[in-house]
Amino acid sequence: MAEKPEAVKVLYCGVCGLPAEYCEFGPEFEKCKPWLIQYAPDVYPDLLKDSDGKEVDKVSDQMQSTSISAGGSSTSKPEEVKRLPGGKVKKKDKKEVIIEKVVRNKRKCITTVKGLELFAVKLSDASKKLGKKFATGASVVKGPTEKEQIDVQGDIAYDIVEFITDTWPDVPESSIFFIEDGKKVPAA
């Protein structure tokens, strides 16, 4: 009977989050070097040859000082930064509502509302309220960026700003924008 293979244990870099053997291809290899010398000396033996004993002491002192200044103890959690593959940092979405009017079949308009969910508004409830207020069809659909948005039938772009700020006071008028001719224009 064949033996079951064991799972490979991968050592991940504490600085960039990539596997230790891929740190040299990441964006922060210079920042990773002290961590690699201390925790993974067998992965990059050239780093040990290049550094003297003094530099290793300096690196360990630097590692300890950063952990002390960061949280007060060496067991503190590193700051929560969402990283994508390749070490890219994921940007947080800006809290803004974007209203866009799309014309179809030369006469019919659809008003699209994006970003209400960032203000803790349930999109299904919002679409019901919009449909009742403006006596039109309104639905929650996935947009081209795979984010949910509200499509409302009809050209209600300018009336909708007052309705949003009255119905949901958490949404300030300064964070509502229109898309006109491909440009973002503030609603206020």
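This is a predicted model: local features need pLDDT of at least 70, side-chain atom pairs count only at pLDDT 80 or more; totals for chains, interfaces and linings use all residues.

**Entry 1: the hairpin.** I looked up strand 1 (residues 97-104) and strand 2 (residues 108-114), and found that they run antiparallel and are joined by 7 bridges. I checked one partner by name: Val102 has Ile110 in strand 2 as its bridge partner. The hairpin has 3 residues between the strands, and there Asn105 takes a positive phi near 55 degrees.

**Entry 2: the other neighbor of strand 2.** I followed strand 2 onward and found 4 bridges to strand 4 (residues 148-153), again with an antiparallel run. Thr111 is the residue I picked to check here, and it stands opposite Val152 in strand 4.

**Entry 3: the overall layout.** I stepped back to list the elements: the protein has 5 helices and 6 strands. Read from the N terminus, the order is α-α-α-β-β-α-β-β-α-β-β. I also noted the burial figure, which is 29% of the 188 residues.

Lys33 is partly exposed at 23% relative accessible area, whereas Glu30 is exposed at 59%.

Next I looked at Glu96 and Lys184, whose side chains meet in a salt bridge at 2.8 Å, N to O. Glu96 lies in the loop between helix 3 (53-71) and strand 1, and Lys184 in strand 6 (residues 183-186), so the pair ties together parts that are 88 residues apart in sequence. Is Glu96 buried or exposed? I put Glu96 down as buried because its relative accessible area is 14%, under the 20% cut-off. Lys184 is partly exposed, at 43% relative accessibility.

Lys114 is in strand 2 and Glu100 in strand 1, 14 residues apart, and the pair links distant parts of the chain. I noted Lys114 as partly exposed at 29% relative accessibility, and Glu100 as partly exposed at 25%.

**Entry 4: a charged patch.** I then went looking at the surface and found a patch of negative charge where Asp159, Glu162, Asp166 and Glu173 gather. I followed up on Asp166, which has its place in helix 5 (residues 157-167). Asp166 counts as exposed because its relative accessibility is 57%, and the cut-off for exposed is over 50%.

**Entry 5: two alanines with positive phi.** Ala120 is not a glycine, yet I found its phi positive, at about 60 degrees. Ala120 belongs to the loop between strand 2 and helix 4 (123-134), and it is exposed with a relative accessible area of 75%.

Ala135 also went on my list, with a positive phi of about 50 degrees although it is not a glycine. I located Ala135 in the loop between helix 4 and strand 3 (138-142). Ala135 is exposed, with a relative accessible area of 71%.

Terms used. Residues are numbered from 1 along each chain as its sequence is written. Side-chain values use heavy atoms; hydrogens and water are left out. Patches are made of residues with over 30% relative accessible area and no salt bridge: like charges are joined within 9 Å, nonpolar side chains (Val, Leu, Ile, Met, Phe, Trp, Tyr) within 5 Å. Accessible areas come from the Shrake-Rupley method with a 1.4 Å probe; for residues, only the protein chains shown count as cover. A salt bridge is a side-chain nitrogen of Lys or Arg within 4 Å of a carboxyl oxygen of Asp or Glu. Lys and Arg count as positive and Asp and Glu as negative; His and the chain ends are not counted. The place of a charge is taken as NZ of Lys, CZ of Arg, CG of Asp or CD of Glu. Buried means under 20% relative accessible area, exposed over 50%, partly exposed in between (1.4 Å probe, protein chains only). Two strands pair if DSSP finds at least two bridges between them.
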